Amino acid sequence: MTLSDFNVLCTKAEGRDKIARFFQYLARAIVGFLAYSQPKAGSLLAGLETRARTVMVQLAGARRTFRWCKEFPVIQNLPKCLDIKNPVDRLLEMLQKGFLAAFLITDHIGLLKQWKILSGGKRSGTGTIQLGLKLFCYSNAFAAVIQAKKIAELGTKDDKATERRKCLETAVKHLLLVVQTAHLSLLYQTHDAIVGVAGVLTSSIDVIGQLPPKPAPAKVQHPDAKAPAAK
């Protein structure tokens, strides 16, 4: 990544969000690995753990504000799923986008509860956010199934190798997101170290996807190549 690429990345809201996400999960990985050492209170490692946890929490809160209105394009694309001819593909796309939209809306409600703008009700702000993360977990699970189905349909043809590799990369990303969201939503807890590393990997994939495309290398004609015959 060049400095120019980084500048372009930072001009986009999505690019800034993915950079913040990278450091959020890097901080969670640090918290997770330090938990294995069980640092004593007042030690250097204990101070590092406190600072990493602060970075993790603050970035998570900041990124939550970036999600406002992200549900609009998802909801707008829902009717397009009905145009898919294959009924299985249509159902998978509807479920994936439906759970994604539900996650984004639920996440907004959880944030408003944390800000004390909405009353807590039966669920606190944190509990509502965890509910949203469960919905996001389901969305990523269906997204992984969609990509696995595409890989199976592409088969082993050499001319589809690039497309197959892209689908595999996307499927792995969604599976890693399932691990992350299952832990964060308390649906199935693993460990902060595992979730942190998974988050760093998925964030790296997303950051690379936001970088400007590289120009195709110019074809250099060999000096010995014969010039076209004059007519």
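Which residues in helix 2 meet which residues in helix 3? I took this up as my opening entry, keeping in mind that the model is predicted.

**Entry 1, helix 2 and helix 3.** On the helix 2 side I listed D17, A20, R21, F23, Q24, A27, R28, I30, V31, L34 and S37, and these meet L45, L48, E49, A52, R53, V55, M56, L59, A60, R63 and F66 in helix 3. Sorting this contact by class, I noted 14 nonpolar, two polar and six charged residues. I then looked up the geometry: the axes of helix 2 (residues 13-37) and helix 3 (residues 44-66) come within 8 Å and cross at roughly 150°. Angles over 145 degrees count as roughly antiparallel, and helix 2 and helix 3 are therefore roughly antiparallel to each other. For the handedness, I recorded that helix 2 passes helix 3 in a left-handed crossing.

I searched the whole structure for aromatic pairs and found four. One of them joins F22 and F23 edge-to-face, with 5.3 Å from centre to centre and 85° between the planes.

F103 counts as buried, with 3% relative accessibility.

Last, I noted a cluster in which ring pairs link F99, Y138 and F142.

Technical notes: Residues numbered from 1 in each chain as written. Predicted model: local features only at pLDDT ≥ 70, side-chain atom pairs only at ≥ 80, totals over all residues. Heavy atoms only, no water. Axes fitted to C-alpha atoms, helices over the stretch in contact; angles between N-to-C directions. Helix = DSSP H or I, 4+ residues; strand = E, 2+ residues; numbered from the N terminus. Parallel < 35°, antiparallel > 145°, perpendicular 65-115°, else oblique. Left-handed = near helix turned anticlockwise from the far one by under 90°. Contact = heavy atoms within 4.5 Å. Nonpolar A, V, L, I, M, F, W, Y, C, P; charged D, E, K, R; others polar. Phe/Tyr/Trp six-rings, centres within 6.5 Å; stacked < 30°, edge-to-face > 60°. Buried < 20%, exposed > 50% of the residue type's maximum accessible area, 1.4 Å probe, protein only.
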